[in-house]
Amino acid sequence: MLPAFTYARATSVADAVRRLAAPGARLHAGGTDLLGCLHDGVFAAGTVVSVSRMKELRGIAPIAGGGLRIGALATHAEIAADKGIAASYRALAEAATSVGSPQLRNRGTIGGNLCQRPRCWYFRGEFHCLRKGGDMCYALGGENENHAILGGGACVVVHPSDTAPALVALGARVRIAGPGGTRVVPLESFFVGPDKTVTKENILERNEIVTEVLLPPAEPGLRSTYRKVRARGAWDFSLAGVAVALLARDGRVERARVAFSGVAPVPWRSQEVERAITGKALTPDVVGAAAEAGVKGAQPLEKNGYKVPLLRGVIAETLLSMA
Amino acid sequence: MTPDDRYYVTDVPPETPEPAEQPAPWTATTVVGRPLPRIDAYDRLSGNAIFTADVLLPGMLYGAILRCPHAHATVKKVDTSKAEKMPGVVAVLTDRTPGADIPWYNTRAGALSRLFDPHCRYEGEEVAAVAAETPYQAWDAVRAIAADYDVLPFVSDPAKALAEGAAVIHDGGNRSGEVSRYSRGDVDAGFAAADVVLEQTYSTACEIHAPTETHASVARWDGSRLVVWDSTQGVYPIQSGLMATLKLPASSVRVIGSYMGGGFGSKLSLSKHTVIAALLAKMAARPVKIHLTREESFLAVGNRPPDRMTVKAGVKKDGTLTALQLAVLGTGGAYPGGGVGGVDWVFRDLYTCPNVKSEMTDVFINAGQARAFRAPGHPQGAWALEQMMDALADKIGMDPVELRLKNVPSVSQGRGGLPYTTTGLKACLEDGARRFGWQEARRRSTADGPIRRGVGVAAGLWQGGAGGPPSTIIVKLFADGSANLNMGASDIGTGTKTIQAMIVSEELGVPLDRIQVEWADTATTQYATESGGSKTVPTESPATRAAALDVKQQLLAMAAAQLKTNADDLALKDGEIVSAADPSRKLAVTGLTALRGRGLVVGVGYRGPNPAGKVTCPFGAHFAEVEVNTRTGQVRILRYLAAQDSGRAMNDLTFENQTQGGITMGVGLALTEERILDGNQTGKMVNRNWHDYQVPTAMDVPAEQVVLPIDLHDQQANSVGAKGLGEPATVPAAPAVANAIYHACGVRAAETPVNPRRLLSLLAASKQRG
């Protein structure tokens, strides 16, 4: 049952930013994550500041001079159905399609998907864990089958987003609006891991909002894909996933960007895999070596050792599908 | 506890008057058996159907329950002073409230607990309750109750429950009941006579029933009489539970069932929230609704017990089974919940085997009490036995269908060799294999590459499924030729109402849209046992047929008087009564003067006894083809066939629906579902929500599901020839999938659920072994 809160509909981005400065204010867009968090008592909200009807945050449109602008309120369903995205940024279309269920894809937004809170069942449950201001990470010594094998530390959540690794692979940037105006940052540097902080997952301050996602112009020949493994065929988060964007010339990979879902507290860019395939043809041997490079340094916990062969397997499958 | 104990009154023999004579079996039917849509389909789909969760009464309050957040704790203090002053709060109930001192979890040795017992033995145990004007106010008030707990050590692993130093859940220790033992023949001699002996430990995870409609009750007092709307599988057991706990006569407790959104065994008997609603309603002098949240339903209203099963089996090269030995460790949670009940039944009864021995140990852990769950114990036992059969077949180089066919029994060995009225096990295996294309599919399987394909078979039976007395049904035929069917049974989503109406239509020729059904209300319908145990169709149908025939006899007598002929000469067909000797002498039912004069004819039907000295059981065999991705551990079920012998298929469409539901639940057991307790730290359930507790979705079940009714009319069993279906339809499903996984990739998945985590670990281990 939802606890009590005040609801305010922001009239503009500036209005939203102003209202978010109030203590306990929370941003509402699609609500698919926010309402669940409130319902489960993950955090409370004094005021829920809704931007859900703000037209200027919607829409998917080409940018003059190249590239694509996706408004933060674009839904997964809209992104999955967009012909331009399917043609030029396939990984993003595939990632959006793999999110949740039809209902969640109809309501959930790309901005919300990037800013959602982790799905760790201790964080979501009645456990006063480190990420909620407590003094221990229950997953470290507990039921950690779904947790991180890369980039963990004091907290071993995995980042739940599917679209984030696809966008990292595609070199996307996000525009952030705050009290001082807006700034644009590469998505890769938007996320922060437990080495920096365990109480949030990105660089946003409380009164900042992601307003749009900016994709660079799709170079001719750019191919991309996202593959996600989950325990259930729908309505499930990634156990391990791989997004790849690459340019090949004469059968060899010229440039590649690779990012993982489901294995680290942030969408995990793997320069190890990128290096292992750059300049090479995606032969089974090269792919095998790349998969091995991708899991190098993995530190499985007691119950998630399977994620090492799983990640290796998804990397191999994904790269072979691009060969 | 055997499944039978859960579904029947056991201290007295069931009793309803025997019909004067059993009607002859149907030779041909015109309505029964057809694939007809449910008579209430429109109401269900349009939203007209009122479920308990939908009930809204004038002045109704909403109740909410404070539950213990710890796996094991004692309540030191409950301070409700703040909650009582909160807006909208009308009543607050605690252990100290007069009248709340109600014993709970009754055993022969006495009650183990009470309604709000300060010793909380599982996460989710009830501590206090509130009624308020809105659900939000009720929950805000529950959150404002200050409860102090002494957190106690807990045990959540059944294997550790009996260990030295384990947390003590009950004064008598953590053993739940006596060790259950069964033995026939001499297993040691059997193993000595075998050419191959295999031993393996299998285990099944704890599953939650997860019905679409969570448990809900609405209570209203009319003076000293209590009316309860309840989402239940049986209004009469709820009534008797309320009578016992509130010390009221039957005449003062009315329970209304109406529509309900699934139970699967979790809604067979009285739950605490129903009594809490009644007590709050009394305190407030206003109706109170309690509709459990999804999270509460994961903790406090039942589950399928987890079982660990060690199997030793012997077989001769020719496929003759020589011995089966089973040791089970299970748990029904913190109170007696039948943690091992029914697990060994398939070992005792499914295949011919002279030497069988089982030993089953049930222990307490700090978790919610188990309840009957679709074929209690049987899917667990089948998970072990049917994989073992597969392994034996593999070892002796015999086709797994052939090994099973070699051991089809004609008698119930678990019941001392009594013959079955019918057994369709052979037909399920043979016809199923033929329709599935078993031989070809086995040859088609792939053994190299990362994606492997394989097929698997498993068989099963259900210990119950015969139905039996008591049941009383009333059929009324009105002067305009329309009819009313009055039965106490619940329709738990299986099509009971539709099937009973079809029987009336069959006998009286009344079209289905002119038959109204009243059901599941202790004030207005007749006594019925709960809809559980796959017994509703075989229990209620013969009584319905008898009631319809009673109406028919009266109509024929009226017609005989009016036509001045002998009733023996008359037959009822298509709304007309016709003389056999002179077909020109006929009369429309609506033209019967006596019927018009009286306004209606009332027919009463009773369920007679089952045939003495015989056993009636449903059987099934399932076939699955899967694809295993050895890189990712993902399993995709490509196609599926379920052959079911449940006697006469009363309605091919509901038959198919029921079986598909059974397959889906079996897929959940095999691949996705598992209650996960935080065993190292708190004992709390970590996945008590819809996305972490993974019920299969449409994407997880095979797109191609063929349901093959064997339609073997069981003329000895009862007057309609039907046996139960709901439970047998899920028994073989999980091992059929596991056997297909083995066939595909050579890995024996002994533990459920076989998700990427388990399968990749097994594949890695098998790779290491080479």
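How many bridges join S9(A) to strand S10 of chain A? The model is predicted, and in it the count is seven. Strand S10 covers residues 240–249 of chain A, and S9(A) and S10(A) run antiparallel. Look along the pair for one facing couple: Arg227(A) stands opposite Val242(A) in S10(A).

Now widen the view. These strands belong to an open sheet of four strands in chain A. The order is S9-S10-S11-S12, and the pairing is antiparallel. Find the edges next. Strand S9 (223–229) and strand S12 (268–269) of chain A stand there. Each has a single partner strand, so one side of each is left without a neighbour in the sheet.

Helices come next. Helix H5 of chain A, residues 90–97, lies across S9 and S10 of chain A. The direction of H5(A) is at about 25 degrees to S9(A). Helix H13 of chain A, residues 307–322, also packs on the sheet. H13(A) touches S9, S10 and strand S11 (252–261) of chain A. The direction of H13(A) makes about 30 degrees with that of S10(A).

Finally, turn to where the two chains meet. Here 30 residues of chain B are in contact with 26 residues of chain A. Which elements give two or more residues to the side of chain B that touches chain A? They are helix H4 (135–144) and helix H20 (756–769) of chain B. H20(B) supplies the largest share of that side, five residues. What classes of residue make up this side of chain B? It has 11 nonpolar, 12 polar and seven charged residues.

How values were computed:
Residues are numbered from 1 along each chain as its sequence is written. Chains are lettered from A and ligands numbered from 1 in the order in which they are written. This is a predicted model: local features need pLDDT of at least 70, side-chain atom pairs count only at pLDDT 80 or more; totals for chains, interfaces and linings use all residues. Two residues are in contact if their C-beta atoms, placed from the backbone, lie within 7 Å. Ala, Val, Leu, Ile, Met, Phe, Trp, Tyr, Cys and Pro count as nonpolar, Asp, Glu, Lys and Arg as charged, and the others, Gly among them, as polar. Two strands pair if DSSP finds at least two bridges between them. Axes are lines fitted to C-alpha atoms, for helices over the stretch in contact, and angles run from 0 to 180 degrees between N-to-C directions.
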